[in-house]
2 protein chains.
Amino acid sequence: MKSSLEELEKELKIRNINISYQRLKVLECLTLNHCHPTVDQIFTALHKDIPTLSKTTVYNTLRILVDAGMVRVITIEEHETRYDIDMENHGHFKCESCGMIYDFSIDIDLLTCDELSNFEVNDQNVYFKGICPGCLSNINQNK
Amino acid sequence: MKSSLEELEKELKIRNINISYQRLKVLECLTLNHCHPTVDQIFTALHKDIPTLSKTTVYNTLRILVDAGMVRVITIEEHETRYDIDMENHGHFKCESCGMIYDFSIDIDLLTCDELSNFEVNDQNVYFKGICPGCLSNINQNK
DNA sequence: AACAAATCTGTAATCATTATAAATCAATTA
DNA sequence: TAATTGATTTATAATGATTACAGATTTGTT
Ligand SMILES: [Mn+2]
Ligand SMILES: [Mn+2]
Ligand SMILES: [Zn+2]
Ligand SMILES: [Zn+2]
């Protein structure tokens, strides 16, 4: 669990990304909120601390972090790009009722697909959609 | 393998979708080309036969078909929505070199994720990215 | 301080998708 | 058949997220 600003600075240095206040803050926002925020959510969250922040900077910073392999893009819904600092192989569940996105672990046995034995697999993505337990119980209560 | 126009008409009737020439043609385009086309590709393909076709009609028709459960949306890349008439549970591999999208079968054992035991799962999506065999051999030849 | 390089900001441009309203088509009835 | 009605299609405008760009600001170095 890397969260302190010092840790984040180290991570950036390792990947030859110059350090700036905005870049650290975007990174910090992602580490503190593992909720897979959108650009807009990141921008709104940081705007309180950095009134001069430009949304372009958020876009640019995220592209740098994604290209460097520190952050991954999550596209479950069209026109709702989200960002995840957790680079471990895991799946995402989006509740179609409340919109929340949950992580879940997936088995690497997915790899044992001999149809793809001659393919070079660089990136694996798994996402489900449905209704989360909380929304399920709400629906049942309102019956 | 449903492909004839009569079969497609039946499918539409079953789902209470009124039949029109444009709707049949969009459906036919999807059944003949299992290459997961974009709206633009579908529009361009049909425009030869239907010069008056509007792109809006392609969008509207696809939404109807998706809502009816006859077609699924494939969003691997942001800003590149694709459509697939194969509703069976299967995965997609996108080659980052040639852009081609391959189908591959996936094991339903993905379901055996007890983390999601209290979730209602309505939709499962799996996609990989990497380099396909053809592009791999091209790269090796050019070395 | 002066300079150069990198970063950030604000605005404009892009482009896929959606909204809207008029035109066309298809089915129904007088 | 002609008129009517409703559904579908078309063309155009609007939307909204992302990207391009150019000037302003910051940072580091001499
Ligand atoms: Mn995640
Ligand atoms: Mn497919
Ligand atoms: Zn929920
Ligand atoms: Zn390829």
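What volume does the largest pocket have? In this predicted model, the volume of the largest pocket is about 750 Å³. Its lining comprises 29 residues, of which B:Val66, B:Val73, B:Thr75, B:Thr81 and B:Tyr83 are the closest to the centre. Two or more lining residues are given by each of several elements, among them strands E1 (72-77) and E5 (120-131) of chain A and, in chain B, helix H4 (55-67) and strand E2 (80-84). The largest share, 6 residues, belongs to H4(B). By class, the lining of the largest pocket consists of 10 nonpolar, 9 polar and 10 charged residues.

The second largest pocket holds about 490 Å³ of space. It is lined by 21 residues, and those closest to its centre are A:Val66, A:Val71, A:Arg72, A:Val73 and B:Lys129. Here the largest share of the lining, 5 residues, is supplied by H4(A). The lining of the second largest pocket divides into 9 nonpolar, 4 polar and 8 charged residues.

Chain B also contributes the donors of the manganese ion (ligand 2): NE2 atoms of B:His36, B:His90 and B:His92, and OD atoms of B:Asp84 and B:Asp103, at 2.0 to 2.3 Å. Along the chain, these donors follow the spacing H-x47-D-x5-H-x1-H-x10-D. B:His36 counts as buried because its relative accessibility is 1%, whereas B:Asp103, with a relative accessible area of 34%, is partly exposed.

Definitions and conventions: Residues numbered from 1 in each chain as written. Chains lettered and ligands numbered in written order. Predicted model: local features only at pLDDT ≥ 70, side-chain atom pairs only at ≥ 80, totals over all residues. Heavy atoms only, no water. Donors = N, O, S within 2.8 Å, 3.2 Å for Na, K, Ca; no water. Buried < 20%, exposed > 50% of the residue type's maximum accessible area, 1.4 Å probe, protein only. 1 Å grid on protein atoms, 1.4 Å probe; cavity = no way out; pocket = protein on both sides within 12 Å on 5 of 7 lines; lining within 4 Å. Points joined across faces, edges and corners; volume = space filled by probe spheres on them. Helix = DSSP H or I, 4+ residues; strand = E, 2+ residues; numbered from the N terminus. Nonpolar A, V, L, I, M, F, W, Y, C, P; charged D, E, K, R; others polar.
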